[in-house]
Amino acid sequence: MMVISSGPRRLLMAVVSAVAALVPFYSAHAEMSAWADNEGGRMRLVGLAPDAGGKIRAALQIEPKPGWITYWKEPGNSGIPPQVTIAAESGVTLDSIAYPVPKHFFNGAIEDIAYDAPVTLPLSLTAAGKGPVTIDAAAFIGICKDICIPFQANLQLKLGPAIQSHPQEEAILQAADARLPKPPSQDFDVTAHAMSPDRKTLSLTLVLPSGGPGEGKAAPDIIVTGPSGYAFTKQIGGKRDGAAFKVDISIGKLPKDYDMAGKQWSVLVIDGERAMETTLAFE
């Protein structure tokens, strides 16, 4: 189990408010904001004009410097997930953030779910009005090497008429979408799941894409996300039989008085070059 908390690698949260107060808006009169720079990397916003229904395709581009990492939506033993806040006066709402497939890092007692290379997080936005849009956004990430540095920047993006062509922005957004885990399919899915009565283990039955007899094949990487701030990755007794894989995931301690009934968790499964993400519903 991984619970998001302070640990050997601490985020310097006490300075966040001071940093936020000092960071200016990084703006541009285009479909890309200017880059905001930090000791460990840089980030910017990219977007396209709203479609006829007001939907905006956008993304937060993050480029850690070599040797640095930035986090997935549930970061691991320590750290924080990326956060994007849109100013109300922008007339734009943030509907969702999508996350490309991360890597799983182990450094002694520290376990991180993160990115160690440039990553682009797709953003789904909705504009309330018609015409050109100016987005004022505050982006906040953890970026880490030996220590974690809070990186906050105010990014401004001006989106012009939809009739204009923006091939560079389109290419960035399409590349980001291609790195997202795929939904379940006939050859890659969780076919059964069950929580033990003591809520200490989650049993999963999967069909995996590689098939074959299974001898000598490594177990897939499985990341289960439950309540906010909790990620579970420890596998117990995994058995691969051709395309079938059965395993228990150690759950450990859940929040006090946590009621499983009606909850929906997520599971990300990485098997070789393929990755699938789906929902686990509990009755």
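In this predicted model, residues 1-23 keep a pLDDT under 50, and the model has 60 contacts beyond four places in sequence for them. Below 50 as well is the pLDDT over residues 212-216, a stretch with 7 contacts in the model beyond near neighbours in sequence. Among the elements of the chain, the lowest mean pLDDT, 38, belongs to helix H1 (residues 16-22), and the highest, 97, to E11. The average over the chain is 85, and 84% of the residues score at least 70.

The chain contains 2 helices and 21 strands. It has 283 residues, of which 48% count as buried. Of the contacts with a separation of 6 or more, 67% are between residues 24 or more positions apart. Carbon and sulfur atoms contribute 54% of the accessible surface, which comes to about 13,600 Å².

Nonpolar side chains in soluble globular proteins tend to be buried together. In this chain the largest nonpolar core has 37 residues, and those touching the most other members are Met-43, Ile-56, Leu-60, Val-92, Leu-125 and Ile-135. At least two residues of this core come from each of strands E4 (41-47), E5 (55-64), E7 (83-86), E10 (110-115), E11 (119-127), E12 (133-144), E13 (148-159) and E20. When residues up to four places away in sequence are not counted, the residues touched by Leu-125 include Ile-56, Ile-86, Val-92, Leu-94 and Ile-135, together with Gly-54, Lys-55, Ala-58, Thr-93 and Asp-95.

The aromatic pairs number 4. In one of them, Tyr-258 and Trp-265, the ring centres are 6.5 Å apart and the planes meet at 40°, so the pair is classed as tilted, since only angles under 30 degrees count as stacked and those over 60 as edge-to-face. Tyr-258 is buried, its relative accessible area being 14%, and Trp-265 is likewise buried at 1%. Trp-265 also pairs with Phe-282, here edge-to-face, with 5.3 Å between centres and 65° between planes. Both Trp-265 and Phe-282 are buried. Trp-265 belongs to strand E20 (residues 264-271), whereas Phe-282 is in the segment after strand E21 (274-281); the pair therefore ties together parts 17 residues apart in sequence. Tyr-258, Trp-265 and Phe-282 belong to one aromatic cluster with Tyr-230 and Phe-232.

Most residues other than glycine have a negative phi. Arg-199 has a positive phi, near 60°. This residue is in the loop between strand E14 (189-195) and strand E15 (201-207), and its relative accessibility of 27% makes Arg-199 partly exposed. Asp-257, also not a glycine, has a positive phi of about 65°. The loop that holds Asp-257 runs between strand E19 (244-250) and E20. With a relative accessibility of 70%, Asp-257 counts as exposed.

How values were computed
Residues numbered from 1 in each chain as written. Predicted model: local features only at pLDDT ≥ 70, side-chain atom pairs only at ≥ 80, totals over all residues. Heavy atoms only, no water. Phe/Tyr/Trp six-rings, centres within 6.5 Å; stacked < 30°, edge-to-face > 60°. Buried < 20%, exposed > 50% of the residue type's maximum accessible area, 1.4 Å probe, protein only. Helix = DSSP H or I, 4+ residues; strand = E, 2+ residues; numbered from the N terminus. Contact = heavy atoms within 4.5 Å. Areas by Shrake-Rupley, 256 points an atom, 1.4 Å probe, with all protein chains shown as cover. Core = buried A, V, L, I, M, F, W, Y, C linked by side-chain atoms within 4.5 Å. pLDDT = per-residue confidence, 0-100.
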